[in-house]
Amino acid sequence: MPETLLEINDLKTWYPIKKGIFQKTVNHVKAVDGVSFTINKGETLSLVGESGCGKTTVGKTILRLIPNSGGEALFQGADFFKMSADEAHGLRRKMQIIFQDPVGSLNPKMLVRDIIAEGIRSFNLLPEEKVEARVGELLEKVGLPAEVMMRYPHEFSGGQRQRICIARALAVEPEFIVCDEATSALDVSVQASILNLLKKLQKEFILTYLFITHDLSVVEYISDHVAVMYLGQIVEKAPVEKIFNEARHPYTQALLKSAPKLDVNHRDFFVLSGDVPSPIDPPSGCRFQGRCSQVMDKCKNQEIPVSGDEFNNYRCLLS
């Protein structure tokens, strides 16, 4: 039976809206509003959706880079949100992130050697005389020669910088990595090499990924399971094959239809009508109701379940 590594329950990240001289909170931007999912050890869950749906906020909140407004994040059964700063520091080496922008996430004034070694030194994983050799090993693991450790980030291409970011994440021997649009800033050919590297490293080190992206072709290649987000909530969760072959929620179907096609004769692009509602005052019930062609009265009053038998039996998903 698969071992659950991470369990997220009813995660909320709300940003207060303040007004007046005394900066009184009058409302909230509900960026993430009740998200729940689990990821098994050694597997990849992809979190997909339109820009602004809250998927990056989910990843950063899980790692406590952004404070949560509610919910729990159980990592190997322990709630990361309830830990003290000292307890959380000890767990951080098991939970790392690869950011979208490899340029902005690397300190331009530091040598690659020191960028990668920073985590090793922070957690006292090795004596100082062995740190440089370890950095060289990590660079070779990600497909770069060890001697580049004495160069600065601006001396590398985008794909090489992302490999350095991956080496930095691996340096502290993590179990869980958030990949936040880790390939979206790269050329297509470079994307493929980075994806292959991530899969190779996952198998070698038994890594668990939360892969945040809007690129459905990447999702199909790297994922075991997929969670589809819309306006701060997950609307559908399923194994990757089921999402691509038997998508049931109208929003998931719309995303798949709107993905670019390689067929040169395919010139009709699906465009989802309507505007995304405000996250300040989202609609009750299913949040996709204002843009859905299958909307029913009960969609306006109750949220659609995201998986399980109740989801499979929901009438608007059976058409």
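Me: What classes of residue line the largest pocket?

Reply: The lining has 11 nonpolar, 5 polar and 4 charged residues. Ala, Val, Leu, Ile, Met, Phe, Trp, Tyr, Cys and Pro count as nonpolar, Asp, Glu, Lys and Arg as charged, and the others, Gly among them, as polar. The model is predicted: local features need pLDDT of at least 70 and side-chain atom pairs pLDDT 80 or more, while totals for chains, interfaces and linings use all residues. Residues are numbered from 1 along each chain as its sequence is written, and side-chain values use heavy atoms, without hydrogens or water.

Me: How do you know the volume of the largest pocket, and which residues are closest to its centre?

Reply: The volume is about 610 Å³. Of its 20 lining residues, Leu216, Leu255, Ser258, Ala259 and Pro260 are the closest to the centre. A pocket is an open set of points on a 1 Å grid over the protein atoms alone, with protein on both sides within 12 Å along at least five of seven lines; lining residues have an atom within 4 Å of a point. Volume is the space filled by probe spheres set on the points, which are joined across faces, edges and corners.

Me: Which helix gives the most to the lining of the largest pocket?

Reply: α9 does, with 5 residues. Both α7 (216–222) and α9 (250–258) supply at least two. Helices are DSSP runs of H or I with at least four residues, strands are E runs of at least two, and numbering starts at the N terminus.

Me: What makes up the second largest pocket?

Reply: Its volume is about 410 Å³. Its lining has 18 residues, and Arg92, Met95, Gln96, Ile97 and Arg168 are the closest to the centre. By class, the lining divides into 11 nonpolar, 4 polar and 3 charged. α2 (85–92), β6 (95–98), α3 and α5 (158–170) each supply at least two residues. α3 gives the most, with 4.

Me: How do you know how α3 and α4 pack?

Reply: Two packed helices are described by the angle between their axes and the distance between the axes. Here α3 (residues 112–122) and α4 (residues 128–141) make an angle of about 115°, and the axes are 9 Å apart. Axes are lines fitted to C-alpha atoms over the stretch in contact, and angles run from 0 to 180 degrees between N-to-C directions.

Me: Which residues of α3 meet α4?

Reply: On the α3 side they are Val112, Arg113, Ile116, Ala117, Ile120 and Arg121. They meet Glu128, Val131, Glu132, Arg134, Val135, Leu138 and Leu139 of α4. The contact has 8 nonpolar, no polar and 5 charged residues. Contact means heavy atoms within 4.5 Å.

Me: Which residues of α3 are buried, and what covers them?

Reply: Val112, Asp114, Ile115, Ile116, Ala117, Gly119 and Ile120 are buried. Their cover includes α4 and α5. Buried means under 20% relative accessible area, exposed over 50%, and partly exposed in between (1.4 Å probe, protein chains only). Just after α3, asparagine 124 has a positive phi of about 50°.

Me: What makes α1 mostly covered?

Reply: In α1 (residues 55–62), 6 of 8 residues are buried. They are Lys55, Thr57, Val58, Gly59, Thr61 and Ile62. Arginine 64 follows α1, with a positive phi near 65°.

Me: Why is aspartate 10 classed as it is by accessible area?

Reply: Its relative accessible area is 38%, so aspartate 10 is partly exposed. Aspartate 10 is in strand β1 (residues 4–19). Its phi is near 50°, a positive value in a residue other than glycine.

Me: Why is glutamine 76 classed as it is by accessible area?

Reply: Glutamine 76 has a relative accessible area of 37%, so it is partly exposed. Glutamine 76 sits in the loop between β4 (70–75) and β5 (78–79). The phi of glutamine 76 is positive too, near 50°.

Me: What lines the largest cavity?

Reply: Its lining is Cys286, Phe288, Gln289, Cys292, Val295, Cys299, Ile304 and Cys316. By class, that is 7 nonpolar, 1 polar and no charged residues. The space is about 30 Å³. The whole structure has 1 cavity of 30 Å³ or more. A cavity is a set of grid points where a 1.4 Å probe fits but cannot get out.
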